[in-house]
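User: Can you walk me through this structure? I would like to start with the aromatic rings.

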Amino acid sequence: MQTIHAFTDGSSLGNPGPGGYGAVLVFEEDSDVLELGGAERDTTNNRMELTAVIESLLSLRKEKGKIVFYLDSAYVLGGITKWVHVWEKNNWITSAKASVQNQDLWITLLDLVHERDETEPIAWQKLKGHSGLPGNERADKIATSFAENKPVELYEGDREEYEKELGISLLHMKQTKTPPKKSKSRKGEAYSYVSYVGGTIYIDKTWEHCEKRVKGVKGTKYKKAMNKQEEDDLIELYSKEDE
């Protein structure tokens, strides 16, 4: 039975802003690799994270075998494994009585997952962002390159040649870098500002943009993230508001 390892990532330069998605699909038994990537000019990081998974499943529709997704998005992982079923049951309305953000993409993803489950369930694995896993790092590079409008050349072919060219081992699953520690001090330049406003999660790169979004809005939650891991933790925390 074929096992397909899917590494996916999304990126955006602003929320909203230019964005890109990337995926590296590794066919273990066939020893092949397929890279996917694309861009949107006005999007968000969360939409690109979702799009990377959707495009991967669309490209694998005719492929038989088990698919294992590896992703560093707490938003996508929590959504597809838990929250989406509550949202669907509640007619895509959150506990804050607002429409679920990115509903169009969640519905598409859920349909593709249901379609796949008829033959082989999908496995989902959460990764620490930028933790040295080659497939994840490559997916991030593809996504970022498309967001910056400087797309890398996408590869399709033999895995051995691919790994030789990039100097990596795709199925080496050990995360080699120590994940960034949470900062003891809140001083210094922020990685991002995560807010929860009216049932929607936003990620802003500057306090100026975040302040405009949250100022004077009742029930708003927001916090500064000092690194990628803190950003993921806040997204996961605020996403639970919709359960």
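**Aromatic rings, sheets and cores**

Analyst: A search of the whole structure finds 8 aromatic pairs. Rings of Phe, Tyr and Trp (its six-membered ring) pair if their centres lie within 6.5 Å; planes under 30 degrees apart count as stacked, over 60 as edge-to-face and the rest as tilted. One of the pairs is Trp 83 with Trp 87, which is tilted, at 6.5 Å centre to centre and 45° between the planes. This is a predicted model, where local features need pLDDT of at least 70 and side-chain atom pairs count only at pLDDT 80 or more, while totals for chains, interfaces and linings use all residues. Residues are numbered from 1 along each chain as its sequence is written, and side-chain values use heavy atoms, with hydrogens and water left out.

User: Where do Trp 83 and Trp 87 lie?

Analyst: Both are in helix 2 (residues 74-89), 4 residues apart, which is about one turn of the helix. Helices (H or I, at least four residues) and strands (E, at least two) are DSSP runs, numbered from the N terminus.

User: Is Trp 83 buried or exposed?

Analyst: Trp 83 is buried, because its relative accessible area is 0%. Trp 87 counts as buried too, at 2%. Buried means under 20% relative accessible area, exposed over 50%, and partly exposed in between (1.4 Å probe, protein chains only).

User: And what about Trp 207 and Tyr 222?

Analyst: They form a tilted pair, 5.7 Å centre to centre with 40° between the planes. This pair links distant parts of the chain: Trp 207 is in helix 6 (residues 207-214) and Tyr 222 in strand 9 (residues 221-225), 15 residues apart. Trp 207 has 34% relative accessibility, so Trp 207 counts as partly exposed. Tyr 222 is partly exposed as well, at 44%.

User: Which residues form one aromatic cluster?

Analyst: Tyr 75, Trp 83, Trp 87 and Trp 106 do.

User: Which charged end sits over the ring of Tyr 202?

Analyst: That of Arg 213, 3.9 Å from the ring centre. Lys 205 lies over the face of Tyr 191, at 4.4 Å from the ring centre. A charge sits over a ring if NZ of Lys or CZ of Arg is within 6 Å of the ring centre and within 35 degrees of the ring normal.

User: New topic. What does Gln 101 touch?

Analyst: Not counting residues up to four places away in sequence, Gln 101 touches Tyr 75, Trp 106, Thr 200 and Ile 201. Contact means heavy atoms within 4.5 Å. Gln 101 is found in the loop between helix 2 and helix 3 (103-117), and at 17% relative accessibility Gln 101 counts as buried.

User: Now the sheets. What is the order of the 3 strands in the open sheet?

Analyst: The order is 8-7-9, with antiparallel pairing. Two strands pair if DSSP finds at least two bridges between them. Strand 8 (200-204) and strand 9 stand at the edges with a single partner strand each, so one side of each has no neighbour in the sheet. Strand 7 (residues 192-197) and strand 8 are joined by 5 bridges, and Tyr 196 has Ile 201 in strand 8 as its bridge partner.

User: Which strands does helix 6 touch?

Analyst: Helix 6 packs on the sheet and touches strand 7, strand 8 and strand 9; its direction makes about 10° with that of strand 7. Helix 7 (residues 228-239) also packs on the sheet, touching strand 7, strand 8 and strand 9, and its direction makes about 165° with that of strand 9. Axes are lines fitted to C-alpha atoms, for helices over the stretch in contact, and angles run from 0 to 180 degrees between N-to-C directions.

User: What is the order in the open sheet of 6 strands?

Analyst: It is 5-4-1-2-3-6, with mixed pairing. Strand 5 (122-126) and strand 6 (156-158) stand at its edges, each with a single partner strand. Strand 4 (residues 66-71) pairs with strand 5 in the parallel sense over 5 bridges.

User: Last one. How many residues has the largest nonpolar core?

Analyst: The largest has 40 residues, and those with the most contacts inside it are Leu 57, Phe 69, Trp 106, Leu 109 and Trp 124. Helix 2 gives the largest share, 7 residues. A nonpolar core is a set of buried Ala, Val, Leu, Ile, Met, Phe, Trp, Tyr and Cys residues joined through side-chain atoms within 4.5 Å. Another core of 14 residues lies apart from it, with Phe 7, Ile 142, Phe 146 and Tyr 162 among them.
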